[in-house]
Amino acid sequence: MTKPEVVAAAHFAVAEQTKVIQKEQKTATKLSLVTIISAEEQVVSGMNYHLTLKVKLDGKLKKAEATVWWQAWNKEAPYRLTSWKWK
């Protein structure tokens with residue numbers, strides 16, 4: 001079972017990458033999380049989640065690696081997508 005914090009980070013990464021794609025392509029692209037293939041946690045000034053994700057981009061399955069930085073005490077914006085790479 002995947003920890004709720006990891007699932008939340010994965011959903012945040014997909015939502016943020018959707019915004020990036022839509023801004024770049026100026027189209028209503030649909031990106032959704034299919035599954036979390038792997039996840040690693042790294043304690044920093046907060047927590048880094050290094051995620052390998054299976055996602056669906058406009059109906060096609062793709063794989064991506066994402067890093068999400070999380071700071072619980074940052075109430076305005078606790079999450080930040082720091083890396084997204086298509087595999």
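1. A quick definition before anything else: a salt bridge here is a side-chain nitrogen of Lys or Arg within 4 Å of a carboxyl oxygen of Asp or Glu. Keep in mind that this is a predicted model. Going by that rule, the count is two salt bridges.

2. Let's take lysine 3 and glutamate 41. Their side chains form a salt bridge, with N to O at 3.1 Å. This pair ties together distant parts of the chain: lysine 3 sits in the segment before helix H1 (4–25), while glutamate 41 belongs to strand E1 (residues 31–44), and the two are 38 residues apart.

3. Now for lysine 19 and glutamate 16. The closest N and O atoms in this salt bridge are 2.9 Å apart. Both residues are in helix H1 and lie three residues apart, so about one helical turn separates them. Lysine 19 has a relative accessible area of 51%, so it counts as exposed, since the cut-off for that is over 50%. Glutamate 16, at 23%, is partly exposed.

4. What about threonine 18, buried or exposed? Its relative accessible area is 12%, so threonine 18 is buried, the limit being under 20%. Threonine 18 is located in helix H1. If you set aside the neighbours within four places in sequence, threonine 18 is in contact with Thr29 and Leu31.

Conventions. Residues are numbered from 1 along each chain as its sequence is written. This is a predicted model: local features need pLDDT of at least 70, side-chain atom pairs count only at pLDDT 80 or more; totals for chains, interfaces and linings use all residues. Side-chain values use heavy atoms; hydrogens and water are left out. Helices (H or I, at least four residues) and strands (E, at least two) are DSSP runs, numbered from the N terminus. Buried means under 20% relative accessible area, exposed over 50%, partly exposed in between (1.4 Å probe, protein chains only). Contact means heavy atoms within 4.5 Å.
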